[in-house]
Amino acid sequence: MLHYRESKPNQQKTIVFLHAAGFDGRIWKQAAEQLDDFHCVCPDLPGHGQSKAIQVTDFDAASDAVAELIGSLGGDPVCLAGLSMGSYIGFRLLARHPHLVEGAVFSGFQHKPIEVSGVMRALMHASSFMMNSRKNREKMARSLGVNDPSLVSQRGGRPNASSKTMRKISSLALDFDVSNDLQAIETRTLVLAGETEHPAILSSLPAFQSGMPQCTARIVPGLGHGWIATEPDLYAETLRAWFLQNPLPEGLNAVTAD
């Protein structure tokens, strides 16, 4: 089963946090501290951290691993929060195990494949080897607003995920296609994106909002893919509002129809 960290296990509602590629469950430490009125569960996803031995094959299998963890917790359906890779996995969890989740907040993913040239795929493949360098990993983390260098490495300076795992996740993300699955997702879901994210992510917001029966989409003005790290207070406020079914913060911009 996936390794995980937890806090405040006696709280009534549980949030399961799903991290981005190249990180592990430690990335959610600040969010868990700010959301101390929730039971926070932060797993290391397949191929990452202390779950590195669990191979990444596809996002469906990864979602099944998260479902196994949620089932082991017992109790009521959980709240789900995902960033980037965690959002892809989280969406597949809603599709495959909807009974386990009462509400979800996802940020930084798209609903259909991103068209890239063969040359670009080759460059992305090659760049995965650069993440073997601790210096490069820390540079990547800082570009996302993550300033704690320890979060990109395990003890001894080893990367949280192998270059093989990073290549696999990159390929799965580029080819992700749930355009025909949106209508079947009935879980109450909030989809977010920074205003300067990849165009494919921004253009997916109206599709999520109109295609999923209980979906709301919002844009975080002036920020990019790593907005959760640069605006932790806004993120915590947003999660608390959505999961308690209160009004969303005014700092989020509405998404107009496609």
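This is a predicted model: local features need pLDDT of at least 70, side-chain atom pairs count only at pLDDT 80 or more; totals for chains, interfaces and linings use all residues.

We start with the largest pocket. It holds about 1000 Å³ of space. Which residues lie closest to its centre? Of the 32 residues in the lining, those are Ser84, Met124, Ser170, Ala173 and His225. If you want to find the place on the screen, look for these five names.

Next, the helices around the largest pocket. Four of them, H3 (85-96), H4 (118-127), H5 (134-143) and H6 (163-174), each give at least two residues to the lining. Which one gives the largest share? That is H6, with 7 residues.

Now the second largest pocket. Its volume is about 430 Å³. There are 22 lining residues here, and nearest the centre are Ile27, Gln30, Val146, Leu151 and Ala229.

Which helices supply at least two residues each to the lining of this second pocket? They are H1 (29-34), H8 (227-230) and H9 (232-243). The largest share comes from H1, which contributes 3 residues.

By class, the lining of the second largest pocket counts 13 nonpolar residues, 6 polar ones and 3 charged ones.

To recap, the largest pocket has about 1000 Å³ of space, with H6 as the top contributor to its lining.

Methods: Residues are numbered from 1 along each chain as its sequence is written. Side-chain values use heavy atoms; hydrogens and water are left out. On a 1 Å grid over the protein atoms alone, a cavity is a set of points where a 1.4 Å probe fits but cannot get out, and a pocket is an open set with protein on both sides within 12 Å along at least five of seven lines; lining residues have an atom within 4 Å of a point. Grid points are joined across faces, edges and corners, and a volume is the space filled by probe spheres set on the points. Helices (H or I, at least four residues) and strands (E, at least two) are DSSP runs, numbered from the N terminus. Ala, Val, Leu, Ile, Met, Phe, Trp, Tyr, Cys and Pro count as nonpolar, Asp, Glu, Lys and Arg as charged, and the others, Gly among them, as polar.
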